[in-house]
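Please open the model in your viewer, with the sequence panel beside it, and follow the stops below in order.

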Amino acid sequence: MHAPYNASLAGQQAGMNTTSTHEAHSPNLVADISWEQDATEVTLEIPPILASSGQAKMPLTDMMSGPTNLDTLYYGPLRFGTPPQELTVDVDTGSADLWVPSGCAACSNKQFNKQSSSTYSESGSTFDGSGGVSAVLSTDVVTLQGLSIHNQSFGTVTRESDDFNSYPNSGLLGMAFGSIAASGKPTFFENLINEKQLAAPIFSVHLERGEENGSEICFGCVNDDKMIGKVHWIPVVSKTYWSVALERVSATPTAVIDSPGVVAAIDTGTTLIYLPRNIATELYGLIPASKPAPQYGPGKTIT
């Protein structure tokens, strides 16, 4: 596990917009932040201040598709190499590898030109990353505004699935724990923490719905302009994905289904909500006019 200590996730919903906060905790500081569950106050640790400054807000573009403008993915700019080359990456809390195409004959999007970077190096080893890609394990400078990792490991992709050619982004920025990285290397976020470049070991994500602009990921900060109310802290149950206990689901305030033992991964890289089939069946049974939707796959239902 490359990310230090413990971890928690907090989410705040405002209408159709979502802001979530992720942080790697340190045992060095305990403060007056509490989490209320079943009328029990639980004191949680908050992260220490790592640097007097150290924040970066990456604006994200919402790729929408279909006649109803479904939110498909959120991507933003990241710079690679010396001199820096800007490419766009899908911000994905459901994976832990960073990769961009380079020397990929079948890739249609903008690629990283490794020959043009004076600081580029590669190990010669390869790995298969999220999204059905094959990548060479490489190292170079990766920069986001004033934050920069000089020896960031990432994959230079020589083959990717056909799906990626229909997307506007070049690559992917994995924001899950490095313990699940196919490359076996720390993530960009973990390296920022390890080098104490962030004001706090935290990142927050705001995702607009049905709006191309306005989404962002904030490294080392929470953007108060993107949220309402207070932050509610929810412990992460595994240092793999940003996974939390899903205790119950509901169709209406009075139609509640308990889901003991279910763990949910908070994943900015997917557009769907997945549930065990028995719980999904019970949930849709509470929704009038819901019906099977086999056109989307076995067991799928629409309302």
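Begin by selecting strands S6 and S7, each of which supplies at least two residues of the lining of the second largest pocket; strands (E, at least two residues) and helices (H or I, at least four residues) are DSSP runs numbered from the N terminus. A pocket here is found on a 1 Å grid over the protein atoms alone, as an open set of points where a 1.4 Å probe fits, with protein on both sides within 12 Å along at least five of seven lines, and lining residues have an atom within 4 Å of a point. The model is a predicted one, in which local features need pLDDT of at least 70 and side-chain atom pairs count only at pLDDT 80 or more, while totals for chains, interfaces and linings use all residues. Residues are numbered from 1 along each chain as its sequence is written, and side-chain values use heavy atoms, with hydrogens and water left out.

To find the middle of this pocket, select Asp90, Phe164, Tyr167, Gly269 and Thr270, which lie nearest its centre among the 16 lining residues. The second largest pocket has a volume of about 300 Å³, a volume being the space filled by probe spheres set on grid points that are joined across faces, edges and corners. Its lining comprises four nonpolar, eight polar and four charged residues, where Ala, Val, Leu, Ile, Met, Phe, Trp, Tyr, Cys and Pro count as nonpolar, Asp, Glu, Lys and Arg as charged, and the others, Gly among them, as polar.

Next, move to the loop between strand S6 (70-80) and strand S7 (85-92), where Pro83 lies. A cis peptide bond joins Thr82 to Pro83, with omega about -5 degrees. In the loop between strand S5 (56-65) and S6, select Asn69, whose phi is near 55 degrees, a positive value in a residue other than glycine. Most residues other than glycine have a negative phi, and most peptide bonds are trans. Asn69 counts as partly exposed because its relative accessibility is 44%; buried means under 20% relative accessible area, exposed over 50% and partly exposed in between, with a 1.4 Å probe and protein chains only. Lys196, in the loop between helix H1 (188-194) and S13, also has a positive phi, near 55 degrees, and at 52% relative accessibility Lys196 counts as exposed.

For the disulfides, display the cysteine side chains; a disulfide is a pair of cysteine sulfur atoms within 2.5 Å, and the count comes to two. Cys218 is joined to Cys221 with an S to S distance of 1.6 Å, and here the torsion is about -85 degrees, so the disulfide is left-handed. Cys218 is buried, with a relative accessible area of 0%.

Finish with the rings of Phe, Tyr and Trp (its six-membered ring), which pair if their centres lie within 6.5 Å, planes under 30 degrees apart counting as stacked, over 60 as edge-to-face and the rest as tilted. The count comes to 10 aromatic pairs. Among them is the edge-to-face pair of Phe203 and Trp242, 5.8 Å centre to centre with 80 degrees between the planes. This pair links distant parts of the chain, with Phe203 in strand S13 (residues 202-207) and Trp242 in strand S17 (residues 242-250), 39 residues apart. Phe203 and Trp242 are both buried. Lastly, select Phe80, Phe112, Tyr120 and Phe154, which ring pairs link into a cluster.
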